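Please look at the sequence and the structure shown here, and keep both in view while reading the report that follows.

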Amino acid sequence: MKRSGEVIESFKEMALDWKVPDPTNRYCNLGVSEPTEIEYHQHCEPSNLCKIIWNLTECHSVVPPQPYYEACVASGCSKQHPSSECQSMQMYAALCGLHGVCVDWRRQAKGQCEAICAQDQVYKPCGEAKRNTCFSREVVANTLPSKNNTPVFVEGCYCPDGKILLNEHDGICVSACGCTAQDGSLKQPREAWEHDCQYCTCDEATLNVSCFPRPCAKSPPVSCTKVGFVRKIKPRLDDPCCTETVCECDIKTCIINKTTCDLGFQPVVAISEDGCCPIFSCIPKGVCVSEGVEFKPGAMVPKSSCEECVCTDEQDAATQTNRIHCVPVKCQTTCPQGFRYVEEEGQCCSRCQQVACVANFPSGNVTIEVGKTYKAPNDNCTQYTCTEIAGQFSLTSTVKVCLPFEESNCVPGTIDVTSDGCCKTCVDLPHKCKRNVKEQYIVHNNCKSAAPVPVPFCEGTCSTYSVYSFEASEMEHRCICCHEKRSHKAKVELVCSEHKRVHFTYVHVDECGCVETKCPKRRT
């Protein structure tokens with residue numbers, strides 16, 4: 001359909017009829033191709049989007065809805081262009097706006113045909129056809145036709161209230177028309193300002209910023225006569241936008257004679273009076289010098305082994321270094337315990353040499369000579385020994401561990417200590433219980449071992465006694481017999497005849513000991 005309402009078959013002719021004559025819009029492309037043939041489906045269910053046309057009753061009297069509804073349904077039923085329903089609805093709304101009727105169909109579409117605008121623009125369903133920009137500013141006329149001065153509404157993206165488009169093509173909205181300065185600020189037309197040593201103005205016609213360098217006064221000629229100074233062009237202190245020629249020190253032009261200082265002296269740098277070049281000289285460091293080594297005041301200075309020398313704060317007028325003060329060495333002849341004063345040839349003072357070990361006890365220190373042992377008075381189980389290997393003295397202690405001791409296993413009156421006084425023991429009685437072995441032939445059921453077999457047995461006496469108990473007021477009896485404590489079964493082969501041999505099992509005693517038994521009651 002053309003703008004006049006005439007329905008034609010050519011899509012290209014229809015599109016070109018709707019083109020707006022705008023010489024400032026260089027982005028309009030005249031290339032329009034004929035659409036491909038749309039495949040229609042007679043039994044397609046109309047979508048709810050197309051049915052919105054019937055809700056726009058305010059426009060039905062100026063734009064008949066039936067052709068556009070059918071076109072919308074056909075677009076929705078097309079397999080090739082299923083998404084063109086929004087375009088059909090947009091076309092109908094555009095015709096309504098052209099006739100001065102505002103319809104907000106996208107709000108009823110529930111997001112199916114959402115309008116997307118730039119970040120600083122907003123969507124308006126019924127905006128003005130005339131869009132002012134900073135360059136047109138109410139000069140551009142309404143190029144869309146209207147009948148009887150009827151207002152024309154066009155949906156689209158517009159600047160928010162209080163803002164205006166900067167130009168036709170960038171889509172930038174500004175609060176006021178002007179030039180954008182280098183720092184991003186807005187300048188009014190014909191406004192002048194200074195930036196980066198340039199005078200800038202805002203052109204009223206183009207709203208472009210034009211700048212030109214700020215003029216500077218010519219600086220007088222300068223001649224540099226001092227040593228090390230050269231001419232340099234630098235920004236003026238009172239006006240950094242302009243330059244001036246000054247004399248400035250450049251150490252690269254100086255001829256520097258570096259001085260090597262002796263020990264005890266350090267180089268210093270001074271500036272010559274007639275220039276800026278450095279002059280090196282040597283001054284005292286305030287230290288002592290001995291044998292090619294520097295020493296700070298208060299430090300010990302190694303000299304003869306018979307003297308103690310220290311660096312002082314006093315300066316020698318002849319050498320300009322600090323004096324060294326020496327005093328004879330005082331020898332220490334008293335040696336600690338375990339050491340002996342030994343004289344050394346060629347030395348002013350001898351030294352203390354270790355000759356024994358020293359053991360520390362609560363009662364005091366004890367000197368133990370090499371190879372000797374020592375026991376503390378209250379500890380007979382610990383023995384201390386002093387050894388010396390390659391001049392290194394070592395004190396070792398040996399602790400004797402006593403076997404478990406039960407006094408009840410001893411006959412009263414037989415408890416004693418070992419010869420070293422460390423452990424308790426029982427005094428052995430004659431014939432104490434012990435394990436003996438005798439060799440004998442084993443005979444059983446007329447069978448006999450081929451050779452004598454060692455058979456262990458237990459014999460001896462144990463601590464059997466009877467003693468009166470004052471606590472129990474009666475005689476206390478204890479019977480302990482010599483018994484086997486550990487044994488196992490052993491086998492031996494017995495010979496019964498020339499053709500018969502048997503195995504015999506007997507008890508082999510491994511360990512004997514005194515085992516307490518119940519004493520029989522005495523009949524009185």
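In this predicted model, the torsion about the S-S bond of Cys224 and Cys247 is about -100 degrees, so the disulfide between these two residues is left-handed. The pair links distant parts of the chain, since Cys224 sits in the loop between β9 (209–213) and β10 (229–235), while Cys247 belongs to strand β11 (residues 243–249), 23 residues apart. The sulfur atoms of Cys224 and Cys247 are 2.0 Å apart. Cys224 counts as partly exposed because its relative accessibility is 22%, and Cys247, with a relative accessible area of 32%, is partly exposed as well.

A disulfide is a covalent bond between the sulfur atoms of two cysteines. For the whole model, the count comes to 24 disulfides, where a pair of cysteine sulfur atoms must lie within 2.5 Å to be included. Three of these pairs are set side by side in the table.

| Disulfide | S to S distance | Torsion about the S-S bond |
|---|---|---|
| Cys50 and Cys72 | 2.0 Å | -80 degrees |
| Cys224 and Cys247 | 2.0 Å | about -100 degrees |
| Cys402 and Cys423 | 1.8 Å | about -85 degrees |

The link of Cys50 and Cys72 is left-handed, with -80 degrees about the S-S bond.

The disulfide of Cys402 and Cys423 is left-handed, because the torsion about its S-S bond is about -85 degrees. Cys402 is found in the loop between β25 (392–399) and β26 (415–417), and Cys423 in the loop between β26 and β27 (424–426), so the pair ties together parts that are 21 residues apart in sequence. Here Cys402 is partly exposed, with a relative accessible area of 33%, whereas Cys423 is buried, with a relative accessible area of 7%.

Cys481, by contrast, is in no disulfide, and the nearest cysteine sulfur, that of Cys479, is 6.7 Å away. Since its relative accessible area is 31%, Cys481 is partly exposed.

Which residues form a nonpolar patch on the surface? They are Tyr468, Phe470 and Met475, which together have about 370 Å² of accessible area. Among them, Tyr468 lies in strand β32 (residues 465–469), and Tyr468 counts as partly exposed because its relative accessibility is 40%.

Definitions and conventions: Residues are numbered from 1 along each chain as its sequence is written. This is a predicted model: local features need pLDDT of at least 70, side-chain atom pairs count only at pLDDT 80 or more; totals for chains, interfaces and linings use all residues. Side-chain values use heavy atoms; hydrogens and water are left out. Patches are made of residues with over 30% relative accessible area and no salt bridge: like charges are joined within 9 Å, nonpolar side chains (Val, Leu, Ile, Met, Phe, Trp, Tyr) within 5 Å. Accessible areas come from the Shrake-Rupley method with a 1.4 Å probe; for residues, only the protein chains shown count as cover. A salt bridge is a side-chain nitrogen of Lys or Arg within 4 Å of a carboxyl oxygen of Asp or Glu. Helices (H or I, at least four residues) and strands (E, at least two) are DSSP runs, numbered from the N terminus. Buried means under 20% relative accessible area, exposed over 50%, partly exposed in between (1.4 Å probe, protein chains only).
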